[in-house]
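Me: I'd like to learn how to read this structure feature by feature. Could you walk me through it?
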Amino acid sequence: MNAPRTIAEYLKQLRAALKGADPALIQDALYDAEEHLRAELADNPQRSEADMLAHVVSTYGAPEEVADIYRDQEIKIQRALRPPPPPRRRSLPGRFFGVAADSRTWGALFYMLLALATGIFYFTWAVTGVSLSMGLSVLIIGIPFAILFLATVRALSLLEGRIVETMLGVRMPRRPLYPSNAGKSLSQRVGAIFTDVHTWTTLFYMVLMLPLGILYFTLTITLLSISLAFIGTPVLKALSVEDVIYLNCGIPHWLCDGNYWPLAVLTCIAGILLLFATLHMVRGLGKLHGAIAKGLLVRLSGEDG
Amino acid sequence: MEDNSSHLKKFQKELSAGTVSLVLLAVLGRSRQPMYGYQIAKRLEDMGEGVLAGKQSALYPVLRNLEGAGLLASEVEPSISGPPRRYYRITKQGREVLRDWVDAWSATRDSVDAVLQGEV
């Protein structure tokens with residue numbers, strides 16, 4: 001590969017060298033490199049861009065070297081930050097009940113419950129912003145408003161990425177896309193925001209979060225309450241038999257009558273099984289949602305910035 | 001000869017892997033103002049080869065990790081003349097950790113020196 005002569009060329013080579021790596025990692029690496037290169041250029045205004053890059057290759061590193069360093073670092077960080085993977089269990093019951101020992105399950109469970117709140121917020125924000133932008137577009141403040149709104153969309157995209165990474169364990173960007181505005185006129189900059197596919201996929205994600213959030217929340221809460229209620233039946237029955245509480249029940253006679261204990265115990269066992277099945281479902285949904293978030297919130301590595 | 005230099009390179013890499021976090025924390029602990037990545041890289045460059053055997057690009061992921069661990073805090077400031085810059089400063093926890101690290105480093109250095117000078 002020949003030596004890069006412009007910042008854009010350097011970044012392109014770095015992107016190529018990182019090909020196949022996690023898109024989130026690529027976004028972070030490109031952000032760091034661009035910040036460093038632009039700082040170097042601003043610091044030495046008398047030097048030409050090509051001279052500066054020749055110098056940078058020896059200090060900051062050539063694109064391939066930088067790519068290696070980031071790949072290396074990523075492996076180390078993942079090992080240090082990630083919770084240790086749960087021990088692999090061979091037996092079928094071990095695999096079934098082992099889901100409770102996986103920290104990802106509990107993160108996903110919390111995310112499913114939180115998704116309703118964040119979903120409502122994202123949806124409201126996106127729909128309000130889009131309608132106001134369109135409505136105000138006939139006025140002079142329409143354009144600045146739309147730009148401001150899209151800037152908040154980008155910030156929320158990064159924030160949601162952090163939430164997804166913390167709770168679902170999917171690697172998401174830690175840095176935003178670098179605002180590469182150098183050498184562009186104002187109208188080009190504004191145009192870049194509107195023509196960036198990433199902006200629109202993020203908006204789509206925000207709208208999508210409402211139905212997804214409702215689905216996740218409802219499924220999780222319903223299944224959790226059913227399993228907990230099932231698990232509690234022997235207690236309920238014992239209290240009813242001892243006349244501590246009075247159950248005025250018409251349909252499930254066995255719950256009130258004294259001699260249907262086996263059924264109550266069976267219900268309890270079914271409840272425990274259902275609880276663990278729910279945890280499996282939650283972990284699966286978490287994985288699925290992580291993939292959705294990554295697909296819509298992280299720019300694909302192949303795209304040019 | 002070629003073989004020896006690759007050994008040296010590997011050893012330098014291993015050394016810097018352990019010390020670079022300490023050095024970054026110390027630089028930010030001593031500085032009165034928040035600093036951005038390029039500034040830190042330049043300051044280390046002035047100190048000479050020894051501090052940072054590798055390339056400067058290795059600094060940024062480490063800075064981010066220290067921030068993730070709560071030892072540093074950062075904010076982006078748009079500048080009028082240049083590009084937007086991310087300024088890092090040390091947190092209270094960072095200062096406490098730095099003190100522990102400095103103690104650990106001194107202890108390690110003393111014992112390594114003792115071995116090298118044949119006192120053991």
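Me: How many helices and strands are there in chain A?

Reply: In this predicted model, chain A has 11 helices and 0 strands. Read along the sequence, the pattern is α-α-α-α-α-α-α-α-α-α-α.

Me: What share of the residues in chain A is buried?

Reply: Buried residues account for 30% of the 305 residues in chain A. The contacts tell you about sequence separation too: among those in chain A between residues at least 6 apart in sequence, 75% join residues at least 24 apart.

Me: Let's turn to helix packing. How are two packed helices described?

Reply: Two numbers do the work: the angle between the axes and the distance between them. Take helix H1 (residues 7–17) and helix H2 (residues 23–43) of chain A, which pack at an angle of about 155° with their axes 10 Å apart. H1(A) and H2(A) are therefore roughly antiparallel to each other, and H1(A) passes H2(A) in a right-handed crossing.

Me: Which residues make the contact of H1(A) with H2(A)?

Reply: From H1(A) come Ile7(A), Tyr10(A), Leu11(A), Leu14(A) and Arg15(A). H2(A) contributes Ile26(A), Ala29(A), Leu30(A), Ala33(A), Glu34(A) and Leu37(A). By class, the residues of this contact are 9 nonpolar, no polar and 2 charged.

Me: And at what angle do H2(A) and H3(A) cross?

Reply: The axes of H2(A) and helix H3 (residues 49–59) of chain A cross at roughly 125° and come within 10 Å. That angle makes H2(A) oblique to H3(A). The crossing of H2(A) and H3(A) is right-handed. Leu37(A), Glu40(A) and Leu41(A) of H2(A) meet Glu49(A), Met52(A) and Val56(A) of H3(A), a set with 4 nonpolar, no polar and 2 charged residues. Notice Leu37(A) here: this H2(A) residue takes part in the contact with H1(A) and in the contact with H3(A).

Me: Now for chain B. What is the order of the strands in its open sheet?

Reply: As a general idea, strands of a sheet pair through backbone hydrogen bonds, either parallel or antiparallel. The open sheet of chain B has 3 strands in the order E1-E3-E2, with antiparallel pairing. Strands E1 (35–36) and E2 (72–77) of chain B stand at the edges with a single partner strand each, so one side of each has no neighbour in the sheet.

Me: How many bridges join E1(B) and E3(B), and which residues are partners?

Reply: E1(B) pairs with strand E3 (residues 85–90) of chain B over 2 bridges, in the antiparallel sense. Met35(B) has Tyr88(B) as its bridge partner, while Tyr36(B) has Tyr87(B). On the other pairing, E2(B) and E3(B) are joined by 6 bridges, again antiparallel, and Glu77(B) stands opposite Arg85(B).

Me: Which helix lies across E2 and E3 of chain B?

Reply: That is helix H3 (residues 59–68) of chain B, which runs at about 115° to E2(B).

Me: Last topic, the interface. How many residues of chain B are in contact with chain A?

Reply: There are 19 residues of chain B in contact with 19 residues of chain A. On the chain B side, helix H2 (37–47), H3 and E3 each supply at least two residues. H3(B) gives the most, with 4 residues. By class, this side of chain B has 7 nonpolar, 7 polar and 5 charged residues.

How values were computed
Residues are numbered from 1 along each chain as its sequence is written. Chains are lettered from A and ligands numbered from 1 in the order in which they are written. This is a predicted model: local features need pLDDT of at least 70, side-chain atom pairs count only at pLDDT 80 or more; totals for chains, interfaces and linings use all residues. Two strands pair if DSSP finds at least two bridges between them. Two residues are in contact if their C-beta atoms, placed from the backbone, lie within 7 Å. Axes are lines fitted to C-alpha atoms, for helices over the stretch in contact, and angles run from 0 to 180 degrees between N-to-C directions. Ala, Val, Leu, Ile, Met, Phe, Trp, Tyr, Cys and Pro count as nonpolar, Asp, Glu, Lys and Arg as charged, and the others, Gly among them, as polar. Angles under 35 degrees count as roughly parallel, over 145 as roughly antiparallel, 65 to 115 as roughly perpendicular and the rest as oblique. A crossing is left-handed if the near helix is turned anticlockwise from the far one by less than a right angle, and right-handed if clockwise. A residue is buried if 20 or more other C-beta atoms lie within 10 Å of its own, exposed if 12 or fewer, and partly exposed in between; C-beta atoms are placed from the backbone.
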